[in-house]
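Colleague: I'm new to reading protein models. Could we go through this one together?

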Amino acid sequence: MRDIIEEYAEKRAQMAVAKAEREIVIKLSCKGMSIEEIASILEITEAHVRELADKKSALNNDNLKQRTPSVCS
């Protein structure tokens with residue numbers, strides 16, 4: 001039973017980190033930062049930045065600087 005609880009806690013922690021990364025990517029892109037800048041700051045690949053932005057379905061892959069009213073308010 002303890003293993004199940006530990007696995008659940010670990011999974012929830014991973015989900016929280018992923019959500020925080022997505023939110024940071026969206027906020028930085030709304031401020032006009034490029035994919036390259038965001039990747040450098042977060043120390044992740046540009047592909048991962050694009051993937052995080054896609055998960056939110058908010059930004060265009062070709063131009064993260066594009067403002068989307070529903071996200072960049």
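Colleague: How many helices and how many strands does the protein have?

Modeller: This is a predicted model, and the protein in it has 3 helices and 0 strands. Starting at the N terminus, the order of elements is α-α-α.

Colleague: What makes the length of helix 1 agree with its number of residues?

Modeller: Helix 1 covers residues 2–30, which is 29 residues, and at 1.5 Å a residue it should span 42 Å. The C-alpha atoms at its ends are 42 Å apart, so the two values agree.

Colleague: Which residues of helix 1 are called buried, and what covers them?

Modeller: They are V25, I26, L28, S29 and C30. To be called buried, a residue must have under 20% relative accessible area. The cover over the buried residues of helix 1 includes helix 2 and helix 3. Across the protein, 25% of the 73 residues count as buried.

Colleague: Why is helix 2 called roughly perpendicular to helix 3?

Modeller: Helix 2 (residues 35–42) and helix 3 (residues 46–55) pack at about 105 degrees, and their axes are 8 Å apart. Angles of 65 to 115 degrees count as roughly perpendicular, so helix 2 is roughly perpendicular to helix 3.

Colleague: Which residues meet there, and of what kinds are they?

Modeller: From helix 2 come I35, E36, I38 and A39, and they meet E46, V49 and R50 of helix 3. This contact has 4 nonpolar, no polar and 3 charged residues.

Conventions: Residues are numbered from 1 along each chain as its sequence is written. This is a predicted model: local features need pLDDT of at least 70, side-chain atom pairs count only at pLDDT 80 or more; totals for chains, interfaces and linings use all residues. Side-chain values use heavy atoms; hydrogens and water are left out. Axes are lines fitted to C-alpha atoms, for helices over the stretch in contact, and angles run from 0 to 180 degrees between N-to-C directions. Helices (H or I, at least four residues) and strands (E, at least two) are DSSP runs, numbered from the N terminus. Angles under 35 degrees count as roughly parallel, over 145 as roughly antiparallel, 65 to 115 as roughly perpendicular and the rest as oblique. Contact means heavy atoms within 4.5 Å. Ala, Val, Leu, Ile, Met, Phe, Trp, Tyr, Cys and Pro count as nonpolar, Asp, Glu, Lys and Arg as charged, and the others, Gly among them, as polar. The expected span of a helix is 1.5 Å times one less than its number of residues. Buried means under 20% relative accessible area, exposed over 50%, partly exposed in between (1.4 Å probe, protein chains only).
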